[in-house]
Structures are given as structure tokens and as C-alpha cells.
Amino acid sequence: MEYNNIRVNVEEGIYWLTLNRPDARNALDAGMLQEIGQAMEEAENQTEVKVIVLQGAGGKSFAAGADIKQLYEKQPLDALVPGMQGLYNRIENCPKVTIAAVNGFALGGGCELAMACDIRVATKKAKFGLPELNLGIIPGAGGTQRLARIVGKGRAMDMILTGRMVDGEEAERIGLATYFVEEEADLPTRIESIAKAVLKKGPVAVQLAKMAVHKGFDVDEGTAQWIEKLSQSVVFGTEDKQEGTKAFIEKRKAVFQNK
Ligand code: CO8
């Protein structure tokens, strides 16, 4: 598929999705959001793809949030459509593992996009923030909820109410970034090593483990544990479970087939 606002390429099971409006700090306009949705669908349907990496072009920004020029034109009912929030929910529910490579600004909808991913890797240059209140609006693509769930209510309140940005090192300390990479040049290698660890696993188990964590967060613990139990029951019926356990017993590496 041809894209104008993003670039995609697939290498060894990893789908690299690059937000590509560097002159606008990769601000997420309607065209880019639509293409991200199309690319996600494309990646979900490619069986060889196990991991999707989102990154920003230009070295200055992951994504500087929703396009403010388009935001200026929005009317109340525009906030009621699924829009950015719907897209990010889709990304969170993606059956493949998603990784955000954050180098530079991840602000507003950019930070919310990173938070919808399973894993965030931040460089020294990373700046995470939800500055929406500066514009007289509030975070509206899951940010009020995901940030509080990731870093806790107190820290989320601080970041949202003051608009304070946190750098990569602090982001890692408070759990907003999963990994901190000191040298920007080491970012792709670190991403690949995380992706490789995932690629060695059985895809069915990966998907169900991911969804057990995500869906479990939305319900009470008893229900969450049932989600876990039922997911386990599904994986117990897979050939991959037989292969994984047998390979351990036979002291060899498992070869998973996604069955
Ligand atoms: N939208 C549109 N254009 C942008 C954006 C943006 N979010 N961010 C940067 N740009 C453009 C600038 O206008 C500028 O364009 P030009 O060269 O034509 O003047 C270019 O990118 C470069 O920007 P700067 O010169 O400002 O670059 P700096 O490196 O000095 O600063 C910053 C980079 C810090 C990223 C700065 O540009 C900035 O603060 N940007 C705005 C960040 C922001 O407020 N983001 C939140 C947006 S709101 C949001 O995301 C809400 C999501 C939920 C919506 C739900 C709807 C229902």
C-alpha cells in the first residue's frame, strides 16, 4: 500500500511504522491518523509480522500531538466520533506486540499514542507530556485514563494539570517508559533485541497474555483472574503449548507454529 504521511517496512517479523511529517514534528493530522489505521490493519493481517514498532521521522519528535491547525476547526460533535481515541483503542487491542520508539517529543496525542503501545523505549532526548490544558482542551485520546493507570493518579494529575514534560530518564523511573536508552544511536538495536525476545514466543500465547493484562485492568480482580484462567485454557489446547513444554524436557529450543 502507498502512504503519504507515514513510511512502513517489514524486516524479520518486525513492522516498522514511521510517522513522517518531520517538518510539523510529526503532528497527527487526519491524513496521518487514517494511514496509521490502514497500516495497523495491514500489519495485523500479515502472519509473518509479530511486532509493530511505531517511531517518528526526523530525530526531533515521536509525535507532537494532534494537528493544532485542524483542532482549531473542531466543533463539539467532532469530539464524539471514535477518532484518535478509537484508533488508539484499536492499537491497544492489536493482537501483535506494539512498541513505541520515543526519540524527541511525545506530546498530547503523541504521548497518548505511545501509551497505547505495549512497550515504550525512550532516549535521552525523549520528552513526554500532555500539554492539552495549554490549549484550553483536555487529553482526549485515552490520556486521562492511560497515564493514571501507567504512572499512578498523583503523577498523572501533575503532568496533566501543569503540562510538565518528563524526559526519557524520568519517564523510565516513573514507569512511563519501559526502557531508557542513553545513546540515541542505540535505539534501533535495543528495539530489535526486545522484538527478538517476543519473536521467540508462541504468537497465540503472546496475544492471550497481552489481552489478559489489558482486559484484566478494566474489571475487578476476580473477573480478571477468570479472563486469565480462560485464556490459559485456550493455550493449553494449542500445539505450541505441547511444543514449548516438550522442548524444555528435551533440552532444545521450541519451534512455535502459531497453532
Ligand atoms: N500541530 C500542528 N503543527 C505543529 C504541532 C502540532 N501539534 N507541533 C508542531 N507543529 C509545527 C509548528 O507549527 C511548526 O510549523 P511551522 O514551521 O510551519 O511554523 C513546526 O511544527 C515546528 O514547530 P516548532 O517551531 O514549534 O518546533 P520546536 O522544536 O521549537 O518545538 C514542540 C516543538 C515543543 C513540539 C512545539 O512545536 C509544540 O509545543 N507543539 C505543540 C505540542 C502540543 O501542544 N501538542 C498537543 C496537541 S493537542 C492533542 O494532541 C490532543 C489530542 C486529543 C484530541 C482529541 C480530539 C477529539
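Q: What makes strand β8 (residues 127-129) and β9 a pair?
A: In this predicted model, two bridges join β8 to β9. Pairing takes at least two bridges, so β8 and β9 count as paired. The strands run antiparallel, and the bridge partner of Lys-127 in β9 is Asp-167.

Q: Why are β4 (61-63) and β9 (166-167) called edge strands?
A: The open sheet has four strands in the order β4-β6-β8-β9, with mixed pairing. β4 and β9 each pair on one side only.

Q: Which helix lies across β4, β6 (105-107) and β8?
A: Helix α4 (residues 109-116) does, running at about 95° to β6.

Q: Why is helix α9 called roughly antiparallel to α10?
A: The axes of α9 (residues 203-217) and α10 (residues 221-236) cross at roughly 170° and come within 9 Å. Angles over 145 degrees count as roughly antiparallel, so α9 is roughly antiparallel to α10.

Q: Which residues make that contact, by class?
A: The contact of α9 with α10 has eight nonpolar, two polar and two charged residues. Among them are Leu-208 and Lys-215 of α9, and Ile-227 and Glu-228 of α10.

Q: How do you know whether Lys-210 is buried or exposed?
A: Lys-210, found in helix α9, has a relative accessible area of 8%. Buried means under 20%, so Lys-210 is buried. Not counting residues up to four places away in sequence, Lys-210 touches residues including Glu-92, Lys-96 and Asp-118.

Note on methods:
Residues numbered from 1 in each chain as written. Predicted model: local features only at pLDDT ≥ 70, side-chain atom pairs only at ≥ 80, totals over all residues. Heavy atoms only, no water. Axes fitted to C-alpha atoms, helices over the stretch in contact; angles between N-to-C directions. Parallel < 35°, antiparallel > 145°, perpendicular 65-115°, else oblique. Contact = heavy atoms within 4.5 Å. Nonpolar A, V, L, I, M, F, W, Y, C, P; charged D, E, K, R; others polar. Buried < 20%, exposed > 50% of the residue type's maximum accessible area, 1.4 Å probe, protein only.
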